[in-house]
Structures are given as C-alpha cells and as structure tokens.
Amino acid sequence: MSKLTLKAGTRVSSAVSDAQLMVIKVPAGEYELTCGGAPMLGPGESADGSASLADGDAGACLMGKRYVDPEETVEMLCTKAGAGTVVLNGTALDVKQAKQLPSSD
Amino acid sequence: MNISMLLDMPADVFGERTAVVCGDQSLSYGELRAAAQRAAVAFQKAQARYVAVLDVNSPALPVALFGAGYAGIPYVPLNYRLTRAEINELIARVAPAVLYVGAQFRDLIDPRDDVQLRDTAELLDGEGDGGFVPVDVDPASVAVQLFTSGTTGKPKAAILRNENLISYIIGTVEFGGAEESDAVLISVPPYHIAGISAALSSTYACRRMVQLESFSPQAWLAAARAEQVSNAFLVPTMLSRIIDHLDQTGEAAALPSLRALAYGGGKMPLPTIRRAMALFPQVDFTNAYGLTETSSTIAVLTPDAHRDAAASTDPKIERRLASVGQATAAVEIEIRDDAGQALGPDEVGTIFVRGGQVSGEYLELGSSLDGDGWFCTRDVGFVDDEGYLFLDGREDDVIVRGGENISPGEIEDVLIEHPAVADAAVVAMPDEQWGEAVAAAVVLRTGAAPAVEELQNWVRERLRSSRVPQAIVFKDELPYNDMGKILRRVIRQEFLQGAA
C-alpha cells in the first residue's frame, strides 16, 4: 500500500467520504493511513471516485474529535466530518476522551 | 497549521451563528472568517514583519488576530494604557510592521517610515474574502507575541507559537461545545493573554463573544443582562468592584442567565470569593491559573471544589477555596526547592510546568525551558496531597528574614480577614538585624481606626512571631496595574525611602 508522509499540520482527506483530518502530532515518517478501507489522500490530492466505503465499516469521523493511536504518539483532529474508520499502520484510531474542564477563559 | 483553523471549523459548520457582538456591531462566524481573510490579504500586501494593533476591544480585534493567522504573520496587540514613550518604544521593537490603531489613540503614535499606520475600522470594511489564497504555515511559527506587563523591568516579548496555542485550545475546549444561546462577556483587555485565549477558546467552542470596550461595574452588569450572558471571566479586582457596586447601590444581584464565572490573573481575596458565591449562588465559579508563557490556563479550581471547600469544616478541604486548583490534563506541575529537587505535598518551593501549550520563550532571550521541557514560572507555592496548588507569591517577593523565607501572601491573607482591613500588601524592608524585615501597607475600611499593635497582635495570634509586620502604614489605596496585579515594587520603594 502507498504510504503518506505525515508531519504536524498535514491535512489528509478521505477518498470515500467528506472526512478531513489534520495531523496534530506524529513522529516524523511515512505511514499507511486509510479511511473506510481506502488510502487517505495527502495535500493536493483529490479522489478519482474509484474508491468506496468498505462493506461493514460503520465508523465515522466526528468534527472536532481527536483521534489517537493506542500509545498516543499520533494525534489527529477531525476538521470535517465524514464516514469511515481511520486506520493507521493497521490499527484503528480511537477518539481521545478529553477530560472535560469548566470554561476558564 | 495555524490558529486560523480554530475559526475555519466554526465557520464551516455554524457560519450563520453570531460570533462576536460589541455595542451595535456584530459578526457571524462566516462574516468573521471573510473579514479575517480580507485582512490577511491586506497584511500580505503590506509585507510587514508584524501585525500590531493598538485599540480597545471590538470585533476588529478578532479579525486582526485570525487574519494574522491566515497570513502567517505574528500578531502583536499593544497595551494602550502605557505611556506615550512606552508605546512608541514597543512599536520600535516590532518595526517593520503594519499598525492598526483606534482613532482615539492615533495621536499617541510618533510616525516612522517602517510602520504603516491604518485605522482599526478598516479591518471591518469590505465584502467577501478579498481573493484570499491559503498559505502553508509552519506549526512552529510565531502566532502571537505579547509584551509582558513589565512590572519588574523592561517588558519582555513572550512568544506563543501556533502549536502552543492550538495545543492549548484543542486540549481544553470541546469544538462547538457551547449552546447557541450561550454568550461570554469579555472585559479583559485584548493585549493580555486572557484576551487572546478568550477569543480563541470562545470561537472554537462557538460561544458568542460579547465585548466590553472598557470595564466598569455598571457597564459589565448592563451588558451581562442585555446580552443574557452565560459565561464570564474576571480578574479579582473587577469582581470586587462589581460586589462593591451592588453593596453600595443596593441594586439586586440579578443575573439570571449567568451560569459560569471564571477568574484569574491575580490573587483572589477570600472575603471577595465568599461574598461572590453568596451573592450568586446559582453560578459555577472557576479559578483559572496561568501565565502568558503557558498560553493561559494550567490549573483550575472547579465549581464543585469551590462548593466543597465553602461547605466543609475540615481545614484541609476548607483551605482549598484559596487554591488555584489542580493541573489541567494538558500539563504537569512540579514544585522544586532551590537546588532543583522535586518537593512533596505541602512543601513550599518554586512552581515548574511542562506541556505542549507551554512556550516559555522570549524573543530576545530564547527558550527558558530546561532540557526536559520544564518551565520555571517564578511563582512560589505548594501542592497538597491531592494535587491542589496553592500560590504563595512571586520568587522576587519572598522576604528573607534572618535566613527564613517568608512569603507575603500568608500574612496578607491573615491581615485581610481582620474586620477593619479592606486591603493589605506585605513587602520586605531593609533591616540591620535581620537583613530583611516584614512591612505591611494596609487600607482600612471606612470609619475603622485600629492601632498598629492591634493588627500586629492579630497576625501574632495566627502565625509565627517572625511573620508579624515590624512596620505597618495606612494608605488610602494600594497601587495596582490595570489587570489587578499589585505593584509591590512601588510599596517596597516607599518603605526603602522611609517616606511611608
């Protein structure tokens, strides 16, 4: 599978839905990143319409949610909602449960 | 990646919702984004190194902040309460720049060739996005540069990078978390970190900002009622003035929409917070502790912790009303002794903090973080066994009496609980025997006239004898800066000169 070079600030989009994510933190390197079973698109790439959401993928990216790998070394922010589970190097990313704080500003 | 993404998301999803209101001016999230993108185009054309603003709160200020983000140029809001000479000195430090200035401040500025002067009102002119083309902004680039208040010397230029501010906001604020009816009343000035973080966090939460040009108790209460404000942030002196105003006028403390009141930026006197909780029992109070160099809040005392402390008779719980709360999930806090060793619960030392939002960096001095990323706040304090942080003043304010370190805060807390005392500040004064001795400047309540000995005995009965002020002077008022920070330097100087 093709790999994407990710660094903080990289915007990636789904090839099968409207989902968009922004990389918040990541150890520098190349990653296999898919959404809904199809490789995600890097900056400047656009979907050719050939990919479609994998059967049985009921996952979705929710606007404003942060997605992390189990070690929390990678963190991505969903900047546009869309269907499909995001999978990084074979492992599905989880929503990071933010500890809710009272508004302090 | 830059701070403009914190506006892009609300504008994409809630474009029609009101983002900011000030008097009869208002902008939706969509309008705010269009204005910020037009501004970005103007900033890029100006080829300036900085976008500086000298003006009071208005919708033009968030336009400039986010516009600078879209353009990838550092934003520098300047303090309009400084003297003419001080303002021009800061302008010289950001040139070449484009400087947006309110009409009322224009005469303060000495013209220079490398500063393009424009009227703040221009930021709200025009339609559409002005042909804005997104630019790639390095997350490590500077988003905001704030000049520190300079209470101890020449103002330092604190650097906040895009990654610091974004880390702070997405780590502590839920995107779109506000109800459409929510509104936050912003009365802190735009050149303060609290003003910057209020604009960023309110926008990301999609909480309507209601701006006050300048604070007065009457204006604050009127705006809170007229705009059905649900949230507000105040510095302690502002809250004191609101309470005094209500007490003096007998006006009802009716703020039916207000649900949450956060405070910070200075020490909150215990009598003030107790009175505020009694006046506004339905309101959730939050104490937020943070610094410019930490992109704002690093510890919060939650509404529940306020209520538990106020209701408790256990001294350990009760004293937490004076705490700034526990570290947020986004940072770690550690107390260290003079040798750099980490201290345990209830041991007083210097407060260190670490986390993605901590910049700890100044333009001229570079990063002040240690090798492991820890920032020395220069604030003194301790944590209790459950991580509640108590502040004990600044390192520079500690009184060293015969080798014993004495923090002014604990003595001030005791003095201010005396029924005759309205306000108190404790400083070091030179002493032949002890090196330094404890001195206090006290403001009395109207009609009260206690003897100096009475106040000294009051302290002696509650603290060790070394804490008893050797000299006490009575003043009409104490010197504060415009954010409610006490200017101990001024009081120390008076004791030094023997004028007090």
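These legends describe close-up views of a predicted model. Residues are numbered from 1 along each chain as its sequence is written, while chains are lettered from A and ligands numbered from 1 in the order in which they are written. In this predicted model, local features need pLDDT of at least 70, side-chain atom pairs count only at pLDDT 80 or more, and totals for chains, interfaces and linings use all residues.

**View 1. Chain A is built with 13 strands and 0 helices.** Helices (H or I, at least four residues) and strands (E, at least two) are DSSP runs, numbered from the N terminus. Along the sequence, the pattern of chain A reads β-β-β-β-β-β-β-β-β-β-β-β-β. The radius of gyration of chain A is 13 Å, close to the 13 Å from the globule rule for 105 residues, so chain A is as compact as a globular protein of that length. That radius is taken over C-alpha atoms, and the rule is 2.2 Å times the number of residues to the power 0.38. The C-alpha atoms of chain A fill a box of roughly 45 × 30 × 25 Å along the principal axes. Of the 105 residues in chain A, 39% are buried. A residue is buried if 20 or more other C-beta atoms lie within 10 Å of its own, exposed if 12 or fewer, and partly exposed in between, with C-beta atoms placed from the backbone.

**View 2. Chain A meets chain B.** The contact takes 17 residues from chain A and 31 residues from chain B. Two residues are in contact if their C-beta atoms, placed from the backbone, lie within 7 Å. On the chain A side, β3 (20-25) and β9 (75-80) each give two or more residues. β9(A) gives the most, with 3 residues. By class, this side has 8 nonpolar, 5 polar and 4 charged residues. Ala, Val, Leu, Ile, Met, Phe, Trp, Tyr, Cys and Pro count as nonpolar, Asp, Glu, Lys and Arg as charged, and the others, Gly among them, as polar.

**View 3. An open sheet of 9 strands lies in chain B.** The strand order is β2-β1-β10-β9-β11-β12-β13-β14-β15, with mixed pairing. Two strands pair if DSSP finds at least two bridges between them. β2 (25-28) and β15 (326-327) of chain B stand at the edges, each with a single partner strand, so one side of each has no neighbour in the sheet. Strand β1 (residues 18-22) of chain B runs antiparallel to β2(B), joined by 4 bridges. B:Cys22 has B:Gln25 in β2(B) as its bridge partner.

**View 4. B:Phe66 sits in helix α3 (residues 60-71) of chain B.** B:Phe66 counts as buried, with 29 C-beta neighbours inside 10 Å. Leaving aside residues up to four places away in sequence, B:Phe66 touches B:Ile3, B:Ser4, B:Leu7, B:Leu32 and B:Ala36. The C-alpha atoms of B:Phe66 and B:Gln25 are separated by 18 Å.

**View 5. A right-handed β-α-β crossover links β25(B), α13(B) and β26(B).** Strands β25 (residues 435-444) and β26 (residues 471-475) of chain B run parallel, joined by 5 bridges. B:Ala439 has B:Ala471 in β26(B) as its bridge partner. The chain crosses from β25(B) through α13(B) to β26(B). Right-handed means that, with the strands pointing away from the viewer, the path from the first strand over the helix to the second runs clockwise. B:Glu454 is found in helix α13 (residues 452-462) of chain B. B:Glu454 counts as exposed, with 12 C-beta neighbours inside 10 Å.
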